[in-house]
Number of protein chains: 2
Amino acid sequence: MQNKIFQNFLGQKGLKMTRERFAVLEEVSSVPVHFDPEQLYARIRESGLKASRASVYRTLSLLVESGLVEKVSRSGRGNIYEHTYGRRHHDHMICDICGEIIEFYSEDLENLQLDICTSNNFKGMSHTLEIRGHCENCRR
Amino acid sequence: MQNKIFQNFLGQKGLKMTRERFAVLEEVSSVPVHFDPEQLYARIRESGLKASRASVYRTLSLLVESGLVEKVSRSGRGNIYEHTYGRRHHDHMICDICGEIIEFYSEDLENLQLDICTSNNFKGMSHTLEIRGHCENCRR
DNA sequence: GTCTAATTGAAATTAAATCTCAATTTCAGT
DNA sequence: ACTGAAATTGAGATTTAATTTCAATTAGAC
């Protein structure tokens with residue numbers, strides 16, 4: 001599972017699996033799917049776990065590198081991350097009014113992007129598609 | 001042209017066309033297509049024009065609202081904007097290595113997004129697609 | 001020209017994220 | 001289990017981006 005994955009990732013890079021890194025991964029698993037670093041830090045403090053703000057940010061970067069977490073958006077002030085372990089890739093619609101985040105996935109969309117990368121001789125590693133507008137509820 | 005457009009926009013909102021706002025729009029027109037607010041501010045200082053940092057940020061928001069400027073990305077630290085007057089919508093590939101920004105446009109991609117919005121009962125107003133990876137030059 | 005509401009700018013403030021560096025911890029090699 | 005080198009940590013300082021404050025100024029309707 002994800003602990004093993006993270007441990008392998010760290011091993012490959014000659015990094016150590018510390019108590020703090022474990023705590024961050026632990027909390028990432030229990031936090032809502034979309035979260036921001038400060039939220040995560042606050043929750044770690046509340047739960048018995050321990051990791052400084054610096055470690056939270058540092059570990060978050062490693063988790064992104066390892067593929068367990070993705071940076072979702074930078075619409076507002078800070079970054080929003082999401083826990084991606086066991087969830088397939090998807091993109092987001094964000095309601096400008098109520099802030100709701102709707103996830104969607106389209107095979108066609110993914111393929112189209114691959115084609116576009118190919119024809120530009122670009123090696124696409126990741127992407128973010130964010131559609132902003134008004135959600136179902138706010139359309140009235 | 002764009003001055004008129006901005007003026008109309010301001011008029012409609014009961015806002016005033018000030019020297020400072022004019023200066024910002026002026027400089028947006030001469031700056032490279034992709035720019036960040038601090039760059040813009042620096043260039044305004046250099047040229048004879050005058051507008052405080054606060055006014056630059058404030059005006060930039062208005063320009064986005066008016067449609068003359070778009071927020072492109074928030075990949076790194078600050079926001080990147082682009083001047084969109086007279087240019088059609090497009091998306092971006094950003095090289096993780098050298099930072100190069102490649103623009104692209106795909107009718108199919110746009111249509112696909114429309115379909116996706118429709119089937120989610122979402123009224124899409126704008127979107128940002130950012131593909132990150134390695135550009136042609138950096139692939140070796 | 002007058003008047004009022006909008007706007008400005010300098011500096012303080014907020015907020016997110018990163019950096020510093022002495023003290024601590026991990027873990028590979030024994 | 002012990003040791004030592006190298007990685008990691010945390011508290012607080014720092015950086016950077018952006019926003020806010022508010023008294024003084026200015027635009028523009030009348």
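Which side chains meet B:Glu27 or B:Arg43 in a salt bridge? In this predicted model, the two meet each other, with 3.0 Å from N to O. A salt bridge here is a side-chain nitrogen of Lys or Arg within 4 Å of a carboxyl oxygen of Asp or Glu. B:Glu27 lies in helix 2 (residues 19-30) of chain B and B:Arg43 in helix 3 (residues 37-46) of chain B, so the pair ties together parts 16 residues apart in sequence. Helices (H or I, at least four residues) and strands (E, at least two) are DSSP runs, numbered from the N terminus. B:Glu27 is buried, with a relative accessible area of 6%. B:Arg43 is partly exposed, at 30%. Buried means under 20% relative accessible area, exposed over 50%, and partly exposed in between (1.4 Å probe, protein chains only).

Residues are numbered from 1 along each chain as its sequence is written, while chains are lettered from A and ligands numbered from 1 in the order in which they are written. Local features need pLDDT of at least 70, side-chain atom pairs count only at pLDDT 80 or more, and totals for chains, interfaces and linings use all residues; side-chain values use heavy atoms, without hydrogens and water.

Over all chains, the count comes to 12 salt bridges. Among them, A:Glu130 pairs with A:Arg132, the closest N and O atoms being 3.3 Å apart. Both of these residues are buried. In chain B, B:Glu130 and B:Arg132 also form a salt bridge, at 3.3 Å.

Helix 3 of chain B has four buried residues listed by name: B:Pro37, B:Leu40, B:Tyr41 and B:Ile44. Seen down the helix axis, they fall within an arc of 100°, so they line one face of the helix. The arc is that of the directions from the axis to the C-beta atoms. These buried residues pack against helix 2, strand 1 (34-35), helix 4 (53-66) and strand 3 (80-83) of chain B; contact means heavy atoms within 4.5 Å.

Around DNA strand D there are 20 residues, counted as near if a heavy atom lies within 4 Å. A:Thr18, A:Arg21, A:Ser52, A:Ser55 and A:Arg58 come nearest. A polar side-chain atom of A:Ser55 lies 2.5 Å from a phosphate oxygen of DNA strand D.

Terms used: A polar contact is a pair of N or O atoms within 3.5 Å; within protein, one must be able to donate a hydrogen and the other to accept it, and residues adjacent in sequence count only if both atoms are side-chain atoms.
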